Each structure stands twice: as structure tokens, then as C-alpha cells.
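The sequence and the structure come first, and the description follows.

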Amino acid sequence: MKVLLLKDPKDKDSGPDPYITELGEYGFEATLIPVLSFEFISLEGLFEKLSCPESYGGLVFTSPRALEAIKICLRENSKNEAWSKSLKQRWNTKPAYVVGKTTASLVEEIGLSSHGEKSGNAEKLAEYICSREKLNSLALLFPCGALKREVLPTILREKGIALESLIVYQTTQHSDLQESLSSYFSQQGIPACIVFFSPSGVRFCLQHIQKLSGNFINTIKFAAIGPTTAEAMEAAGIPVSCTAESPTPQDLAAGIQKALNLQNHSLSK
């Protein structure tokens, strides 16, 4: 059975995409189609703030792209040297809060220790931060995207936890998206399941999918990587057949297998 994943592939250097691998273990034939493109901005401003750890109480990351912005900064020899010699150690005396395992692993790649990776979403991460941070302490630095949701900032503000947001990337539609979707449907046919990985993915893909699926759209099971994406799908009128318990390949594969079980009782890992 075919599963269409509307997400960017994992970095080429790090082997096969874990979602394709895990779904393959369940007997699914998974295909990735990149949906989003990212433009990084304010990188000089970002590094200026990273150069002043004493001004902040810690860091908050809810997106792998925010870490990517830091890694781009560190490609410059002078910045990398400053980071390695002292900045990294000084930031390591403060917490780096992360929303999930992917973000945690990227934080560790730049030499920092992460906290809160089991949160899974912004709301739970905000609650975790509030349980650890004291009122009237230094602001937490929050590199983020232009489309960030206000859940985390709102909860922290209501609890009196200072947060300084800095937009470091903008999200746009991938230039090849429409062509890739058309090619997939013409060559592979109608998939058994389509997985959305972000609210932006819903916004950019839904109209194309409806057009390409035609009357067969009701045969497709739609899955979400998490509750935020599921909310966006429901708001757009898409029936959500499953939401991964946590945003991991294992939980997504298990959820899809369960959602499709009525169609294929023999499918098992």
C-alpha cells in the first residue's frame, strides 16, 4: 500500500529517511515530496545575540530550522572559532529547551545540552519551561520562523516568563511542489494514505491534492504528524484518520497501520 509523505527528505548525508524506512518495515511503499522552502534572515542579528549569553536565561527551539540558522552562522570561521572557544561553554550553563527528539539532536550537534525533548508540542514545552523557570529572570532567546504559532509565547507571558523572539527564517512553497504532486498521481495513482507534517503543508498542498484525486479523495486516509497539523487539517475540512502519538517515525507508522487496518487486516510489522 502506498503512503505519500508531504515533507522534506532527511539530510542526504545522514542516510535513508527514517520515515520511509519505518513505513517500509510495515510493508508500506512510502514516497516523500518536499513541500516547503526556507529563506534564512537576520543571521547577523542572531549571532550578535548568541554572542551575549549573559543577557539571556537560556534558549528555546521549536523548529529544526532555527538550529539550521545557527549552523549557517557557524560556517564562518571567525564565528565558529568564537563559538567553540567560549560561547558554547557559556551557553551550556543555561538550559536549551526543545520541543522534540529531532530538535534535541540538532542542539547536541552544535554542542549544547537539551531539555524538554519529550514535550512533543509547543503547549507541553511551555508548561515544562514554566515548571523550571523563575519569575523575573532573564529572558529566554527564541529563534523562530515568521509563521510561528503564539501558543508558547502566550503561555510564557501569562506565567510571567520573559521570552525574546527573533525571526530567523521565512517559509514559502517549494518551487517543484505542484509538478511533483502531478507526477506522483499520474505515475503512482491514488495513495492509501497521505501524511501532512505542518499547517503550511496543508495550506500549500490541499487544493492540488483535491484536484488530482477527484472523486477518489474519499478513499484516501489522511494522517497528521501532530495535534497542530491535525487542527489545521480539520479547519480545512480534511477528515483526520490518525494523529501520531508523538512526532516520530515509529508512532506515525503505527498510527497509519491502525488507520488502514480495516482495509488490510493482514498488515503487520
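## A buried serine

With a relative accessibility of 2%, Ser213 counts as buried, a word that here means under 20% relative accessible area, against over 50% for exposed and partly exposed in between, computed with a 1.4 Å probe on protein chains only. This is a predicted model, in which local features need pLDDT of at least 70 and side-chain atom pairs count only at pLDDT 80 or more, while totals for chains, interfaces and linings use all residues. Residues are numbered from 1 along each chain as its sequence is written, and side-chain values use heavy atoms, with hydrogens and water left out.

Ser213 belongs to helix α9 (residues 199-213); helices (H or I, at least four residues) and strands (E, at least two) are DSSP runs numbered from the N terminus. The Ser213 side chain reaches the backbone oxygen of Ile209 at 2.8 Å. When neighbours within four places in sequence are left aside, Ser213 is in contact with Phe185, Ile190 and Ile220, where contact means heavy atoms within 4.5 Å.

## A buried alanine

Ala224 lies in strand β10 (residues 221-224) and is buried, its relative accessible area being 0%. Not counting residues up to four places away in sequence, Ala224 touches several residues, including Phe196, Met233, Val240 and Leu252. From Glu81, by contrast, Ala224 is 143 residues away in sequence and 41 Å away in space, C-alpha to C-alpha.

## The open sheet

Six strands form an open sheet of 6 strands in the order β3-β8-β7-β4-β5-β6, with mixed pairing; two strands pair if DSSP finds at least two bridges between them. The edge strands, each pairing on one side only, are β3 (36-40) and β6 (114-115).

Strand β5 (residues 96-98) pairs with β6 in the parallel sense over 2 bridges, and the bridge partner of Tyr97 in β6 is His115.

Helix α2 (residues 43-50) lies across β3, β4 (58-61), β7 (140-145) and β8 (163-173), and runs at about 150° to β8. Axes are lines fitted to C-alpha atoms, for helices over the stretch in contact, and angles run from 0 to 180 degrees between N-to-C directions.

Helix α2 also packs against helix α3 (residues 64-73) at an angle of about 85°, with the axes 10 Å apart. The contact is made by Leu43, Leu46, Phe47 and Leu50 of α2 together with Ala69, Ile70, Ile72 and Cys73 of α3.

How values were computed
Polar contact = N/O pair within 3.5 Å; in protein donor to acceptor, adjacent residues only side chain to side chain.
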